[in-house]
Amino acid sequence: MPPGLGRPAHTARVAAVLLAAVLSLTAAPPTAAEDTSPSGSRAPAVPLRVATYNIHAGAGQDQVFDLDRTAGALRDLHADVIGLQEVDVHWGERSAFEDEARALAGKLRMRVFFAPIYDLDPAAEGAERRRYGVAVLSRHPVLHAENHEITRLSTQTPDPVPAPAPGFAEIVIRVKGVRTHVYSTHLDYRADPSIRAAQAADMLDVLADDRGPSILVGDFNAEPSAPELAPLWHTLRDAAPGAGPTYPAVAPRKRIDLITVSHGITVTGARTHATAASDHRPVVADLRLPRRGG
């Protein structure tokens with residue numbers, strides 16, 4: 001659930017990006033299970049368990065805020081790296097003005113990088129700034145972290161227009177010698193796909209600078225077969241095509257929470273985790289990273 005509501009607007013660039021997406025290949029995206037280890041590589045691949053979870057600002061499907069319940073759901077995944085979406089940091093009463101990123105990292109004994117989408121003035125003089133965005137939790141040391149901009153339609157202004165805004169999180173970790181990029185994203189929720197199409201193009205621009213394995217996870221607010229996501233599948237693969245739907249958490253009907261990986265990464269297993277700690281279900285995937293990518 002976004003922190004506010006906006007009214008869609010259109011630009012020529014967004015329309016052009018959407019048209020390109022529609023004209024792109026719209027077949028089901030390739031899956032990571034189709035990948036094999038790079039030919040000629042004799043070194044064993046490196047295991048990494050990755051997850052993604054839209055935590056609904058710590059509120060469950062029952063709308064009750066309970067960050068301990070959120071932490072329990074995350075702990076049950078036994079993941080090495082977790083992308084989070086809808087993370088509040090001193091945002092408001094709905095999450096008790098909690099710094100959810102730091103609190104969850106402490107409960108799970110993991111490192112955290114928080115990438116705000118919104119960074120607003122305090123609710124009261126002397127209070128902390130109100131921030132909302134995405135985050136990445138990691139059991140591995142973080143070598144580099146960056147909050148990238150992608151096209152967004154703000155929920156905090158009455159007449160928003162598409163514009164670059166932060167909230168596309170990247171961390172770089174080294175896993176047994178393999179330098180790996182991990183991204184957490186939250187794409188636009190509106191029925192109009194044009195903003196998501198622009199966001200997919202923006203994310204690909206960022207990923208184009210990567211060297212080595214890349215993992216992009218998040219709440220895409222669209223299923224993998226959506227035309228606006230089609231350009232992603234030239235660079236990435238769907239890691240959990242058979243893991244099942246993720247939204248809503250109770251009796252889910254849509255698979256909009258995705259783990260995607262660059263070519264060369266293989267998947268040995270993937271699943272959703274049945275929990276009502278949010279209005280989404282988390283997804284977890286067991287990956288093997290090619291050593292040649294390090």
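Gly-242 sits in the loop between β9 (236-238) and β10 (257-262). Helices (H or I, at least four residues) and strands (E, at least two) are DSSP runs, numbered from the N terminus. Gly-242 is exposed, with a relative accessible area of 74%. Here buried means under 20% relative accessible area, exposed over 50%, and partly exposed in between (1.4 Å probe, protein chains only). Gly-242 lies 9.6 Å from Gly-269 in space, C-alpha to C-alpha, and 27 residues from Gly-269 in sequence. The loop between β9 and β10 also holds Pro-248. The peptide bond from Tyr-247 to Pro-248 is cis, with omega near -10 degrees.

The model is predicted: local features need pLDDT of at least 70, side-chain atom pairs count only at pLDDT 80 or more, and totals for chains, interfaces and linings use all residues. Residues are numbered from 1 along each chain as its sequence is written, and side-chain values use heavy atoms, with hydrogens and water left out.

The protein contains 4 helices and 12 strands. Of its 294 residues, 56% are buried. Contact means heavy atoms within 4.5 Å. Among contacts with a separation of 6 or more, 74% come from residues 24 or more positions apart.

An open sheet is formed by 6 strands. Their order is β3-β4-β2-β1-β12-β11, and the pairing is mixed. The edge strands are β3 (111-120) and β11 (266-272), each of which pairs on one side only. Neighbouring strands of this sheet are turned by 20 degrees against each other on average, direction ignored. Axes are lines fitted to C-alpha atoms, for helices over the stretch in contact, and angles run from 0 to 180 degrees between N-to-C directions. Two strands pair if DSSP finds at least two bridges between them.

Strand β1 (residues 46-54) is joined to β12 (residues 283-289) by 7 bridges, and these two strands run antiparallel. Thr-52 has Val-283 of β12 as its bridge partner. Val-50 has Ala-285 of β12 as its bridge partner. Strand β1 is also joined to β2 by 5 bridges, in a parallel arrangement. There, Val-50 stands opposite Val-81 of β2. Because 7 of the 9 residues of β1 are buried, β1 is largely enclosed by the rest of the structure.

Helix α3 (residues 100-108) lies across β2 (81-89), β3 and β4 (130-138). The helix runs at about 140 degrees to β2. Buried residues of α3 are Glu-100, Ala-101, Ala-103, Leu-104, Ala-105 and Leu-108. Their cover includes α2, β2, β3 and β4. After α3 comes Arg-109, with a positive phi near 55 degrees.

Two packed helices are described by the angle between their axes and the distance between the axes. The axes of α2 (residues 67-75) and α3 come within 10 Å and cross at roughly 55 degrees. The two helices are therefore oblique to each other. Angles under 35 degrees count as roughly parallel, over 145 as roughly antiparallel, 65 to 115 as roughly perpendicular and the rest as oblique. The crossing of α2 and α3 is right-handed. A crossing is left-handed if the near helix is turned anticlockwise from the far one by less than a right angle, and right-handed if clockwise. On the α2 side, the contact is made by Leu-67, Asp-68, Thr-70, Ala-71, Leu-74 and Arg-75. On the α3 side, Glu-100, Ala-103, Leu-104, Lys-107 and Leu-108 take part.

Strand β8 (residues 214-219) is mostly covered, with 6 of its 6 residues buried. Ser-214, Leu-216 and Gly-218 are buried on one side, and Ile-215, Val-217 and Asp-219 on the other. Strand β7 (residues 178-186) pairs with β8 in the parallel sense over 6 bridges. In this pairing, His-181 stands opposite Ser-214.

Most residues other than glycine have a negative phi, and most peptide bonds are trans. The loop between β2 and α3 contains His-90. His-90 is not a glycine, yet has a positive phi of about 55 degrees. Phe-97 lies in the loop between β2 and α3. Phi of Phe-97 is positive, near 55 degrees. Phe-97 is partly exposed, with a relative accessible area of 36%.
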